[in-house]
Amino acid sequence: MKHSNLTHNKLEAILHDLHHYLPSQTPLKDFIHHNSLHAFQDMKFYEGIFKAAKIFGYQVTLQLNDYRELYKIGRIKETILDRTIIEKKGKENRLPWKNKLINEAYNENNDFRIGYLRANWKKYYQIDLDTLVHPLLFRIICSYLDQGISIQAFPGHPDGFLASVKELEINSFSSFFKTKRAKQLLLSGDHSIESLLKIIVGKEDYFEQYLFDQQFSHRGWSGIVATIERMPHTLLDTKPITLEDWITLELLMEIDALDNKFTEWKPLTHFVQEPPVDMLDDVENTELQEVFKIWQDAFEWSYYDEALAGIQALNNKPENQDKKNSFQAVFCIDERECSLRRHIESVEPDCETYGTPGFFGVEFFFKPEDAKFYEKLCPAPVTPKYLIIESDVKEKRKHELLYANHSHTLIGGYLYTFVLGFWAAVRLIENIFRPKMSPAISNAFAHMQKDSTLTIENKSPNDIENGLQIGFTITEMADRVEGVLRTIGLTQNFAPMVYMVAHGSSSANNPHHGAHDCGACSGRPGSVNARVLSFMANHEKVRLVLKDRGIDIPVTTQFVGGLHDTASDEIDFYDVNVLSYDNYALHLENIQHFDMALNYNAKERSRRFASIDTFKNLTDVREAIRIRSVSLFEPRPELGHGTNSLCIIGRRSLTKGLFLDRRAFMNSYDYTSDPEGNLLAAVLRPIGPVCGGINLEYYFSRVDNYKLGAGTKLPHNVMGLIGVANSSDGDLRPGLPLQMIEVHDPIRLLVIVEHYPDVVLKTIQSQADMYEWYNNEWVHILAVHPDDKQFYFFRNGKFELYRTFLKGVDYLNNLEDVLEISKEMETNYIVDATKENLPVYIIK
Amino acid sequence: MNALMPKYFILSILIPFLGFLITLFLPRKNEKLLYGVTISTIALHTLGFFACIGYWLMSNEKALYHQLVQLYNSPTFEFSIDFYFDKISVVYMLVSSFLISLVCIFSKYYLHRDPGFKRFFNTLLLFYFSLNLVSFSGNFETILVGWEILGITSFLLIGFYRDRFLPVKNALKVISIYRLGDICLLLGIWLCHHLWHENVNFYQLANSAELKAEIYDHVSLAFIISILFIITASIKSAQVPFSSWLPRAMEGPTTSSAIFYGSLSVHIGVFLLLRTAPFWHNLPIVNVIIGAIGLTTSLIASRIANVQSTVKTQIAYSSITQIGIIFIEVALGLETIALIHFAGNAFLRTYQLLVSPSVLSYLVHEQFFNYEPTQQKPLSSGWKKIQNTLYILSIKEWNFDTIQGAILWMPMKWLGSRLSFLTHPVAFGALTLLYAIGLYLVGVNNAENQSIHHAFTLIYSFLGMLLITRSFAERGDARSVWLLITASQLFIALSISLNEQIELGQIMIFLTGILGSSMLGLYCLFRLKKYEGNIDLNSFHGHIYENRRLGFFFLLASLGLVGFPLSPTFLGIDMLFSHIHPQQFWLTLFTSIGFIFIEISVLRVYARLFLGPHIKTYHEIAYRTS
């Protein structure tokens, strides 16, 4: 008994490890960016990624030759490379190491651990177990989890996955199994993982290795199972399942396949001579790893140094002091808004722009009219206690006949092919020559109806639905408005109009559309949040409370929510009917400014799109951008967070006028109003998980698009509405598809904070999980000293002075000239692709 | 036969091939040029096609006919490329031109920056050409040419993402079953020759009373021929029990899946039935069989479609369901309805596949607003049991895939694995000696040794089959496999030479094709061995990653060796068959099996060496299951 208990505890530990190391991407409808190698985040960046590479065979940096090519074209700068070598290897070793980096031949083949034990099936038994088991196993799990593709659902059982399979086996003349033993094991209930592993593997010492091999031979499916076990409500139609059930079924099917092939067989370890491999054992340090570390650091600093030189040069200029605010606009920190803000400021120099996470500090669930479920509209780790309900929707959602289930049945399909078949031909022509919005396209503006009513204010403490309070009370509203305004440093000098501009993204034929929406709103458009916060800030009683707290918003100032579609470059505003007569007139003027800025923004984006001629006039380019977002044939409606590499936390003056090529997240923060750094902690808390998560997901999907990314989108097949796979028998593919990461240079995020280094240090150290991001170097952080404007880079627990190599960057008279002549990448090979990313400029 | 086709139309049938040749030589990165040539080719062709439709309508003829070229003509054998233009070809080509041109425009954007952009448009043009050949074919030989090219383009597009395991595996799977169909077609054609003692074109078939009389005189032969055509058609149109290849073919870019497996390629089986209808429609039993296949397929495939939880396989099975119904319509003689049904199904499934990625956001939205928890209907236990049984069966696709493997491929693998002695030096010596004897016998050919000749004919063809079977199971060095394949072809050639007096010219055509391709292939293999060291066939190597050019030439050699149209071997295969008599059951069987497995075996060598995940791990490589 004691022995059996020991095994059981050990198995618990193995299951726990599997949960930890398997991909944790949720079903695609909620796309939450996260560090693909989150399991290694308790280690230093390089240690962690090289360990992951050794265990799972991931490619975790660019290839050696890629770095050498980048060096040849000057993307990795020689001065930076020299300094990196000296820092890591000492001055005296500069030349020998440089020679190693540039010339030495290394064996780059990765001899990884995973799959080693199970390869013995082929070696000793001449059986390809995966090919025999996987196709049916994947079909069963996909059918079980399916959210609405199949017409006939899996006959489920409330006790979960294995119970459902069991029930089906009992009540059927057919069976998933070919042989008796496996089926009997299932029906008898005597199918603990330990006992099955004893049959298949034999020796207990190999259990861990075997389960890792087995589960990582289809990490996509195993990952989604583990994720759904931890978060059952990530599926709307919930399906109880556990990793244990899933592994049990797979083991049973393996026994079945073996029984079917051999009348008698011995467990795997009967033949295996090599001792079991400790999967998670430490990885030895190699010279090649050192080479990669130096190259990667040099690659990163070649960019950072330039960006910092730009900031320095900009801040040496005398600041323009006359303050005359025509309007203020608050955007999401998203790096895609970086260019729009720049254009608005250039179209209307008297305006001010701010950045804050796009849920605008209001966290709630949203229930659209007639919806059967709630949507979370705040960062993923937050669990809101509030509910906002939509009503009075005027325009009902349309249906798409060609998607109907009837088209797949015998009789229905017959009628469909005759009647709608020819209509499909017409639709096809229409879609190719005149693409337009349709119900099949995910439309950012349809997330909430423009003229619907929202229940934002809580009228009575009894207004509760499913444990959620409907709306916010006055104090709760005031807290949130105050929170946002204080962190961005907008507590005085209010303009007559303050815009809260959320963002979302429309795209066609794109299962990954959630990845283009607002990350701070759990991968959805932030329109409701913008509207809710504006309502709160306009509320008379809220303003009274705010006045007591020292924020005096003039009566003439009004807040307006809006939504920017980052794919189509369209914008729309909500509740403009509440505007005063004067403000409405101002608003009409401002709309013109927004419109013009969006024209320029579209033009700037168009340089990366082959289908659009950047030389065309502004409105034509903008129209082409809009059409792109509704084109079924366009696998890149927009480029998402591709190229993100900086996160700037400070006042706008730090970067205003700097051309950062849409590579910087920008969070407004005024250190002067927060000398102790009390607000800074709140500002920095989401930066790691949100911006760092985005950055690292792009990093890993870029360096290994096959294993850590989802591969090219073109052959993707939607599986059960929860994910994508290639082919009918393929594994689920978590991560980002190739079309999203081509433009991305895989470098870590550099967070730049405008504050005193000791305050920043104190802040990041205030929370262990926040500190881990920086201390383990998964994200870099640097402080800009407010007094002397010097840079202090955080390394090894302290901030050290950093002097840029570059002394200043080029000035630009006219951005358009550069945009028009910059070429689209020749291929998506990193050395070609990186040329598309423009240098940092100061715009005159 | 006065209704001839206008010359410009003949030209426009060949234009896609010209376009294909041009795109072969265009630079890989020049997407604009590649697309430009492709779309202009299609446009030019369509222009000629439309003009011909006008001409045809004005002529008031049911059909137009034209013989393009006689590739070979001797008293014993003739091979010509003929064209035929009637309602069926017009409908098929209208739908094809329409869908291919739209998908071509779609793909210009969709495939932008894909490393295989050039390959895609190359293959698309070749596919278009093959559809032309099939749709306008005026005789069986021409259909066969188009049919073969179509099969290879399928192989190339299913295996489009050649650096992953599953596409390559499935490409081989599909081409294997296709090959079975090809050989059935070849056998059908061969038996037709023996039925009529001449090459018959479709114009004669539709109009000649004498030909029809022959059919009634040889009902059992006609029945066998019909069955062969039905098998061929059922394979291409994924009818039961051959349906499981279709969902597995959805490996390429969505656009290619849409036109190939959603619409055009998969309806070609129906075309063959329509085209050969004059042959079989007066044989009631054949009509019944076709109808029964269609009915079974539509019932079973609709059950399978019901339980599919992935969008592309769902569309695949709903398409199969409708094609089953089209088979019934064809069997009932409802030609026009079948043609309309084909067009509707092709349009609908192409559209559905092209928008299939949208399904995620559309249906999740749908679920968000209209979700009703599934109510388990209270069922009597018996009925529930039947429901569950059907459910499990449908999830397992009614085991068709497993059964196919067990019946068609496993026996050959089993046999092959027991023939390892064939690669032993002693066996090599013995085979060489035997071959020398055979050559001697051919040399001294005289009438007295008839019985000896026949015995040796059988022995050689049997050996040819054994050799190819061995090559199919061999996991060792690719060069020895290549030699096994070549040897098997030489044995087949020898056996046929002994079977009947053959003109030297005929055998030379076959042998130049075989030997030329074999030499080129062997050269490539030696080069590869020098670069890479290990060229054993026990796993996929993915050497195309580093040896793109070598891979291309080896593919050319492979196609030459298997008798791909455009190579002399192709003509040779047809020719060799003409020297076998229908009574010679065993000779026919051995030779057919030899010809089925040579293609599978050769493409297996190509796939294992050049395709699949690269064995060198210094760069990112796909998981086997991805």
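This note goes through the predicted model point by point, from the chain interface to local backbone features.

1. **Extent of the interface.** Chain B puts 104 residues in contact with 128 residues of chain A. The area buried between chain B and chain A is about 10100 Å². Carbon and sulfur atoms give 60% of that area.

2. Nine salt bridges are counted between chain B and chain A. One of them pairs Arg248(B) with Asp729(A). Their closest N and O atoms are 3.5 Å apart. Between chain B and chain A there are also 47 residue pairs in polar contact, with both residues at pLDDT 80 or more.

3. **What chain B contributes.** H15(B) supplies the largest share, 13 residues. By class, this side of chain B divides into 46 nonpolar, 37 polar and 21 charged residues.

4. **Helix packing in chain B.** H13(B) and H17(B) pack with their axes 8 Å apart, at an angle of about 85°. Angles of 65 to 115 degrees count as roughly perpendicular, so H13(B) is roughly perpendicular to H17(B). From H13(B), the residues in contact are Arg303(B), Ile304(B) and Val307(B). They meet Leu390(B), Tyr391(B), Ser394(B) and Ile395(B) of H17(B). The contact of H13(B) with H17(B) has five nonpolar residues, one polar and one charged.

5. **Helix packing in chain A.** Helix H10 (residues 193-200) and helix H11 (residues 207-216) of chain A pack at an angle of about 90°. Their axes are 11 Å apart. H10(A) and H11(A) are therefore roughly perpendicular to each other. H10(A) brings Ile193(A), Glu194(A), Leu197(A), Lys198(A) and Ile200(A) to the contact. H11(A) answers with Phe207(A), Tyr210(A) and Leu211(A). The contact of H10(A) with H11(A) counts six nonpolar and two charged residues, and no polar ones.

6. **Salt bridges overall.** Side chains of opposite charge can pair when their charged atoms come close. Over all chains, the structure holds 73 salt bridges. In one pair, the side chains of Glu375(A) and Arg524(A) meet at 3.7 Å, N to O.

7. **Backbone features to inspect.** Most residues other than glycine have a negative phi, and most peptide bonds are trans. Which way does the peptide bond from Val240(B) to Pro241(B) go, cis or trans? The bond is cis, with omega near 5°. Pro241(B) lies in the loop between helix H9 (219-236) and H10 of chain B. In chain A, Asp575(A) has a positive phi of about 55°, although this residue is not a glycine. Asp575(A) lies in the loop between strand E11 (570-574) and helix H20 (581-606) of chain A.

How values were computed: Residues are numbered from 1 along each chain as its sequence is written. Chains are lettered from A and ligands numbered from 1 in the order in which they are written. This is a predicted model: local features need pLDDT of at least 70, side-chain atom pairs count only at pLDDT 80 or more; totals for chains, interfaces and linings use all residues. Side-chain values use heavy atoms; hydrogens and water are left out. Axes are lines fitted to C-alpha atoms, for helices over the stretch in contact, and angles run from 0 to 180 degrees between N-to-C directions. Helices (H or I, at least four residues) and strands (E, at least two) are DSSP runs, numbered from the N terminus. Angles under 35 degrees count as roughly parallel, over 145 as roughly antiparallel, 65 to 115 as roughly perpendicular and the rest as oblique. Contact means heavy atoms within 4.5 Å. Ala, Val, Leu, Ile, Met, Phe, Trp, Tyr, Cys and Pro count as nonpolar, Asp, Glu, Lys and Arg as charged, and the others, Gly among them, as polar. Buried area is the accessible area (1.4 Å probe) that two parts lose on being put together, summed over both. A salt bridge is a side-chain nitrogen of Lys or Arg within 4 Å of a carboxyl oxygen of Asp or Glu. A polar contact is a pair of N or O atoms within 3.5 Å; within protein, one must be able to donate a hydrogen and the other to accept it, and residues adjacent in sequence count only if both atoms are side-chain atoms.
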